[in-house]
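Dear colleague,

I am passing on the structure that we discussed, and I would be glad if you kept it open while reading the notes that follow.

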Amino acid sequence: MNIDPVVNALKSIAKPAASLVINQAQRNESVVRFLKQFNFDPVQPPKDVDGVYVYSFIEYGVDKPEAILNLFREREIKKSFWSAYTSNNPLGFYKEVEKFLQGNDLKFDIQLLRIDLRAELEEFGETFIKIAKKSGSTDFQPFPEWDLDEYPAEFKPLIKEKIRSFCGRRFVFDIFKQFCDKNRSGYFTVVGDAGMGKSTIAAKYVWDNKSPCYFNIRSDGRNQAELFLESIRKQLIKHYQLQNADNANLADLLGQVSKKLDDSERLIIVIDALDEVKQDEGGNLLDLPTVLPERVYFLLTRRPYTIDKKRLSAPDVPTEELDLRASQYAGLSREDIKEYIRFFLNIDPDYKNAIRQWIQERNISEHDFVEQVATKSENNFMYLRYVLPGIAKGEYENLSLKQLPDGLQQYYQVHWERMGMDGKTQELNVFILFILVEIGTPIPCEMIAAITEQDEYDVQVVLDEWVEYLKLQNIQEENCYSIYHASFLDFLKGKRLLDSKRKLFQEVNQRIADYFVRKMS
C-alpha cells in the first residue's frame, strides 16, 4: 500500500512541535477517522506486513510533526524497521536511522524541533507490535522486545537526575579521549572526593554516548560483582547481538564484542563508584579483567583510596588516573563550579527567581555572588546542590553571603546545629538517622518505628524533615528510606564516633538486634 497519501493526510493536522499536549479523546477520534478514510477496520487490523505498517503509522502518526511523518514514509526506513523487527534488534534500527539522516535535511528539521528521535522510534515500534498482535497473524511472531535504551532501566532515573543541571567538565572528557586515542585499550579512572561530580561525569558520558554502564549504589545493595556481571552481560548481548553468551564471563564477553568492532569503533564501559563495591578480599574489584582486548576501554570513577584498597591490577593494560583534587585542575573545576552557579541564577526554572531575589535584597552583584559562593563551595558540586536550593527556599533568610557555610562538611554541621540535633529533644531524630547508617540498605518507616518503639506517625515526621538527605524508593509496594549520598553518610558516621556521652549508637545497635530477635521468634 502506498503510504504517501496517508502522510499527506496526517500532515493536515500535524503539530508544529513534538512536545505539545494533546487531548487523548480527540486524538482517538482522529485515529478512527483516518483508519476509515483509508479503508481500514478500526477494530481488526490487516494481516500483511505492508498493511500493518501503514495501520500502525496512522495510529502512531496523528498529531506528530511533519519531520517525523516524512521520516517514516521513506522506503529505506521501512525496510530497516522490518529487518530490525525480525532480528529482534531495535538498536540496529536506531543506528540505521541515524546513518540515513547523515547529510539529510530531515536531520536538521528533527533537531530544530528538538524531537527525541530515540523516543519516537521506540513509540512507533511499540505501536507496530501492538497492532501486529491484534492482527492475529503468526507472520509477526516472535514479537521482539522493543526497547531502544542502551542502559538498564534501573539507572535511567539516576542518569536523568544527574544530567539535569550538568555543567562543564569538558577537560575530563578531553583527557579521556586523548587516553583512548593513544592506547589500544585501557582503564581510565576519575578520582575525587564526595561531591566533586564523579557520578555526574559518568552519567553525562553514558547519556551522550549510550555506553554500557553500571552505577554501584551501596544504599540499594547494588554493589556486588555478580549483579555487575549480570547487568553488563545483558547490555552487551543486546547492544551487539551476541550469541550463546547467557553464561559468559566478562573476559569472554569483551572478546566477543572486540571481534565485532571495526577499526573506527570502540567499546567503552562506564563504571561509577568503585569505592562502594562490596566484595571479598582478593582479585580486582568487580572481577575486572587483567587483560583487555583491543578497542575495549573502561571509564571508572572512585573516591580517593589507599594502595591496599585499589584492587585494580592489570600489568599489561594501559592505565591512567585523573585526580579532580590535583592542583592543575583546580582552576578548571572552579570555572565549572561558577558555570553551575550561573545555571541556578539564570536558567533553573525552580530556583532562579528566588535566588535572584535573595541577592538583590542584600545588594549583592551577580559577579560577587558567583565568586564568593564558588569559593565557599571548595569546588564541591554537592555543596551547591544543597545550598543554592536552600537559599531559594528561605533557609538562609537571616544570613549574609559571608555567613553561608564554608565547604560541604561545614554545611552539614551548620544544618545539624540549626536543626538542634545536639539537644535532648532531638534524640529521636538522631536515633533514626543512626538506624539508617547502621542498617545500610533501604528500610520502611514501619521497621524504623518498630526498632525505635515509636509511633509510625512520629517517625514519618522525622523522615519528612530530612527528606532532602534521604533517598525514597518503592520496594515491594513499600516506601523505603536510605541515606542519599555517601558524603552525608560519612558525616553521620563521624557524629556516631563522637557520640561518647549519650552512647546513642550503642543503643541503636542493641535496638536493631532486639528487633531482629523479635522477628525471628
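Which residues does G192 touch, not counting residues up to four places away in sequence? They are K198, R302, R303, P304 and L324, where contact means heavy atoms within 4.5 Å.

Before going further, please note that this is a predicted model, in which local features need pLDDT of at least 70 and side-chain atom pairs count only at pLDDT 80 or more, whereas totals for chains, interfaces and linings use all residues. Residues are numbered from 1 along each chain as its sequence is written, and side-chain values use heavy atoms, with hydrogens and water left out.

To return to G192, this residue sits in the loop between β1 (186–191) and α11 (198–209); helices (H or I, at least four residues) and strands (E, at least two) are DSSP runs, numbered from the N terminus. G192 is buried, with a relative accessible area of 0% (buried means under 20%, exposed over 50% and partly exposed in between, with a 1.4 Å probe and protein chains only). Although G192 and R302 are 110 residues apart in sequence, their C-alpha atoms are 6.7 Å apart in space.

There is also an open sheet of three strands, in the order β6-β8-β7 and with antiparallel pairing; two strands pair if DSSP finds at least two bridges between them. Its edge strands, β6 (443–444) and β7 (470–475), each pair on one side only. Between β7 and β8 (residues 478–483) there are six bridges, and K471 has S482 in β8 as its bridge partner.

As for the cysteines, a search of the whole structure finds zero disulfides, a disulfide being a pair of cysteine sulfur atoms within 2.5 Å. The closest cysteine sulfur to that of C445 belongs to C480 and is 10 Å away, which is too far for a bond. C445 is buried, at a relative accessible area of 8%, and C167 is buried as well, at 6%.

Finally, helix α21 (residues 445–452) meets helix α24 (residues 504–520), their axes coming within 8 Å and crossing at roughly 110 degrees; axes are lines fitted to C-alpha atoms, for helices over the stretch in contact, and angles run from 0 to 180 degrees between N-to-C directions. The two helices are therefore roughly perpendicular, a label for angles of 65 to 115 degrees. On the α21 side the contact is made by M447, A450, I451 and T452, and on the α24 side by R511, I512, Y515, F516 and R518.

Terms used. Parallel < 35°, antiparallel > 145°, perpendicular 65-115°, else oblique.
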